Amino acid sequence: MQPQLQLQQNKYLETAVQTASPAQLLIMLHDGAIRFGKKAIEAIQSRQYEEANDNLLRVQNIISELIITLDRSSPIAETLLRLYEYFQHLLIQANIKKSVEPIQETLGYIAELKETWVQAARSQAASAAGAALTSPSTAANMNRPAGAATGIAGGAAAYGVRTYG
């Protein structure tokens, strides 16, 4: 890739991350894990083990970020933590054995979780939009970090992920 094009893409990504909501960041992390996991599978299949290792480490780093940002006070935090730890185990096994099956299993779960976050974000946006139409004070709260909200559609914190803002 040309250096100028790479620089533009990096700047775009940096801006996207800086302006993303907590829910969008979660979705972006899941997208990245899926993308790097698919690259790792392709690399293993073509016996490019160093590239596979690099991509598996990237997926593991994303899972580590999900673990770090997990709101341990959430009712489902323990379940998510166990799931994320299982992902890490599968990815380590895939890297040691150079096997695609554990990666495929992990990507299946990550894709399901991503869809859950997408639905939660839509639900949160719909709830916020509806509340803004009925209550001016609620409209002011739309800029709060999602973690400050409550309820099933109340943002990432309701689902066990700590947000910063």
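This is a predicted model: local features need pLDDT of at least 70, side-chain atom pairs count only at pLDDT 80 or more; totals for chains, interfaces and linings use all residues.
Local features need pLDDT of at least 70 and side-chain atom pairs count only at pLDDT 80 or more, while totals for chains, interfaces and linings use all residues. Residues are numbered from 1 along each chain as its sequence is written, and side-chain values use heavy atoms, with hydrogens and water left out.

**View 1. Helix H2 and what follows it.** Helix H2 covers residues 22-45 (helices are DSSP runs of H or I, at least four residues, numbered from the N terminus). Its 24 residues should span 34 Å at 1.5 Å a residue, and the 35 Å between its end C-alpha atoms agrees (the expected span is 1.5 Å times one less than the number of residues). After H2 comes Arg47, with a positive phi near 60 degrees.

**View 2. H2 packed on H3.** The two axes lie 8 Å apart at an angle of about 160 degrees (axes are lines fitted to C-alpha atoms, for helices over the stretch in contact, and angles run from 0 to 180 degrees between N-to-C directions). That makes H2 roughly antiparallel to H3 (angles over 145 degrees). Look for Leu26, Phe36 and Ile44 among the H2 residues in the contact, and for Tyr49, Val59 and Leu66 among those of H3 (contact means heavy atoms within 4.5 Å).

**View 3. H3 beside H4.** Helix H3 (residues 49-68) and helix H4 (residues 77-97) have axes that come within 10 Å and cross at roughly 170 degrees. H3 is therefore roughly antiparallel to H4. Their contact includes Leu56 and Ile63 of H3, and Phe87 and Leu91 of H4.

Note on methods
Helices (H or I, at least four residues) and strands (E, at least two) are DSSP runs, numbered from the N terminus. Angles under 35 degrees count as roughly parallel, over 145 as roughly antiparallel, 65 to 115 as roughly perpendicular and the rest as oblique.
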